[in-house]
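Thanks for coming. I will take a few minutes to walk through one structure, for anyone who has not seen it before.

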Amino acid sequence: MREINAKQITEVVRKLCIDSNLYLGEDVLKALDEGEKKEESPVGKEVFQQLKENARIAREEQVPICQDTGLAVLFVELGQEVHIVGGDFNAAINEGVRQGYKDGYLRKSSCHPFARTNTKDNTPAIIHLEMVPGEKIKITVAPKGGGSENMSMVNMLSPSDGIEGVKNRVVEWVKQAGSNPCPPIVVGVGVGGTFEECALTAKKALLRPLGQKNPDPQLAAMEEELLTRVNNLGIGPQGLGGRITALAVHVEMIPCHIASFPMAVNINCHAHRHKEAVI
Amino acid sequence: MSQPIRLKTPLADADVEKLQAGDKVLLTGVIYTGRDAAHKRLFDLLKEGKPLPVDLKGQIIYYVGPAPAKPGQAIGSAGPTTSGRMDAYSPKLMEIGLKGMIGKGMRKKEVVEAMKKYKAVYFAATGGAGALLAKAIKKAQVVAYEDLGPEAINQLEVVDFPVIVVNDTQGNDLYQQGMQQYAR
């Protein structure tokens with residue numbers, strides 16, 4: 001048994017909220033470099049240059065990459081040997097979000113769904129908790145912007161639709177989303193599970209580093225085919241036409257009910273943000 | 001690559017009529033911010049026949065909810081939000097003289113038609129380039145709906161704010177043109 005103070009969780013979450021919104025990951029910067037080289041459209045190339053320049057400004061001047069600093073989505077892997085002391089776990093996380101969004105000059109985007117009144121501190125955080133062996137806590141903060149999140153879907157397919165059915169729906173969906181989710185995008189696809197687990201699987205697919213394929217050869221091949229088909233749509237950077245609509249397609253799969261065949265798509269924009277820490 | 005067109009706000013019919021989908025434009029002057037909640041309030045005032053807190057004749061609305069300014073900054077990161085959510089309100093605002101909209105993403109047919117009818121254009125700014133775009137914003141001042149926080153209406157003073165024309169007054173659409181050109 002290892003004791004971890006709730007205050008330490010707050011401090012880690014605070015820092016992750018700020019860092020994830022200011023510093024674009026090396027994998028994304030590399031993907032932007034490669035995208036710029038491959039892009040054939042002059043306007044598209046210019047968009048890539050703007051995005052790289054934007055990331056540089058954000059990093060050097062310590063300002064958010066994008067004004068939409070998202071809802072604070074957290075993935076927490078809690079070691080079962082951990083005993084949290086000195087406060088409430090959920091409250092500690094939300095306090096970290098509150099402090100991070102205030103101290104980092106990040107936008108507060110959480111509001112009442114009907115009245116649309118802002119909660120003014122970007123809480124409550126969206127917390128996905130998983131219990132794992134060990135005596136550590138791994139926390140990932142993945143701020144999620146509204147523009148790309150709005151282009152999400154869950155579809156309860158029929159098993160008879162097969163893998164082709166999934167692939168076709170992903171491509172149709174990205175085409176329909178067009179310029180809305182700020183291409184170049186990263187496409188997360190979840191297959192299997194139940195309605196809610198399928199959606200979560202699609203979101204988790206976005207956390208995999210860019211450039212890393214699914215270890216399952218069938219899924220890796222599916223990712224490659226989907227990336228080609230999505231990029232053949234011609235939507236291009238910012239939807240202005242071009243070769244690179246997506247930087248990557250990540251597919252994750254889990255078993256489902258014999259009667260079901262759920263699939264979900266969750267899209268991230270090029271401000272593909274997430275940072276993690278282990279306590 | 002064509003040279004960008006420099007435009008000063010407010011805009012007259014003649015300014016917008018010469019713009020073509022695909023033109024790169026650098027905007028200088030005053031523009032206003034407004035997104036979901038502010039649009040609803042403006043729309044409701046117009047429905048009730050009441051005056052608006054800002055005169056939109058000849059003006060441009062930038063669909064943005066900026067990040068808070070750090071000390072010494074005019075404004076925090078300030079890139080465009082998805083424009084489609086304003087589609088329900090935009091035709092009415094063009095009817096009373098709005099000449100330009102800045103955002104990202106596709107507009108409904110009704111909005112494109114209203115741009116032809118009332119002589120207005122839709123510009124895209126680079127979505128997700130909020131840190132870069134904020135550099136072209138020299139001054140920001142809340143002029144209405146402060147209670148809406150990031151959704152308040154700000155008056156911005158911009159210099160060479162970079163945008164591209166997506167929908168012009170002739171009904172052309174850069175998103176469709178671009179996609180057709182590069183689709184395989």
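Two residues are in contact here if their C-beta atoms, placed from the backbone, lie within 7 Å. Keep in mind that this is a predicted model.

I will begin with one residue in chain A. A:Met151 sits in the loop between helix H5, residues 146-149, and strand S6 of chain A. Setting aside neighbours within four places in sequence, A:Met151 is in contact with A:Ala177, A:Asn180, A:Pro181 and A:Ile267. Is A:Met151 buried or exposed? There are 24 other C-beta atoms within 10 Å of A:Met151, and the cut-off for buried is 20 or more, so A:Met151 is buried. For a distance in the other direction, take A:Asp88, which is 63 residues from A:Met151 along the chain. The C-alpha atoms of A:Met151 and A:Asp88 are separated by 34 Å.

In general, strands of a sheet pair through backbone hydrogen bonds, either parallel or antiparallel. Going across in order, S6(A) and S9(A) pair in the antiparallel sense, over five bridges. Within that pair, A:Val154 stands opposite A:Ala264 in S9(A). S9(A), residues 261-268, also pairs with S7(A), again in the antiparallel sense, over six bridges. There, A:Gly188 has A:Asn266 in S9(A) as its bridge partner. The remaining pair is S7(A) with S8(A), residues 246-256, which is parallel and has eight bridges. As an example from that pair, A:Val187 has A:Val249 in S8(A) as its bridge partner.

How many of the nine residues of S7(A) are buried? Eight of them are, so this strand, residues 185-193, is largely enclosed by the rest of the structure.

Now the helices of chain A. Two packed helices are described by the angle between their axes and the distance between the axes. The crossing is right-handed. On the H6(A) side, the contact is made by A:Ile163, A:Lys167, A:Val170, A:Val171 and A:Val174. On the H8(A) side, the residues are A:Met222, A:Glu225, A:Leu226, A:Arg229 and A:Val230. By class, this contact has seven nonpolar, no polar and three charged residues.

Helix H2(A), residues 26-38, packs with helix H3(A), residues 42-61, at an angle of about 155 degrees, with the axes 9 Å apart. H2(A) and H3(A) are therefore roughly antiparallel to each other. H2(A) passes H3(A) in a left-handed crossing. H2(A) contributes A:Leu29, A:Leu32, A:Gly35 and A:Glu36 to the contact, while the residues from H3(A) include A:Phe48, A:Leu51 and A:Ala55. This contact has five nonpolar, two polar and three charged residues.

That leaves chain B. What does the contact between the chains take from each? It takes 38 residues from chain B and 43 residues from chain A. On the chain B side, helix H5, 130-134, and helix H6, 174-182, each supply at least two residues. The largest share of that side, seven residues, comes from H6(B). The residues on the chain B side divide into 19 nonpolar, 16 polar and three charged.

B:Val143 is partly exposed, with 15 other C-beta atoms within 10 Å. Leaving aside neighbours within four places in sequence, B:Val143 is in contact with B:Pro53, B:Val54, B:Ile153, B:Asn154 and B:Gln155. B:Val143 and B:Ile153 are ten residues apart in sequence, and their C-alpha atoms are 5.8 Å apart in space.

That is the end of my part.

Methods
Residues are numbered from 1 along each chain as its sequence is written. Chains are lettered from A and ligands numbered from 1 in the order in which they are written. This is a predicted model: local features need pLDDT of at least 70, side-chain atom pairs count only at pLDDT 80 or more; totals for chains, interfaces and linings use all residues. Helices (H or I, at least four residues) and strands (E, at least two) are DSSP runs, numbered from the N terminus. Ala, Val, Leu, Ile, Met, Phe, Trp, Tyr, Cys and Pro count as nonpolar, Asp, Glu, Lys and Arg as charged, and the others, Gly among them, as polar. A crossing is left-handed if the near helix is turned anticlockwise from the far one by less than a right angle, and right-handed if clockwise. A residue is buried if 20 or more other C-beta atoms lie within 10 Å of its own, exposed if 12 or fewer, and partly exposed in between; C-beta atoms are placed from the backbone. Two strands pair if DSSP finds at least two bridges between them. Axes are lines fitted to C-alpha atoms, for helices over the stretch in contact, and angles run from 0 to 180 degrees between N-to-C directions. Angles under 35 degrees count as roughly parallel, over 145 as roughly antiparallel, 65 to 115 as roughly perpendicular and the rest as oblique.
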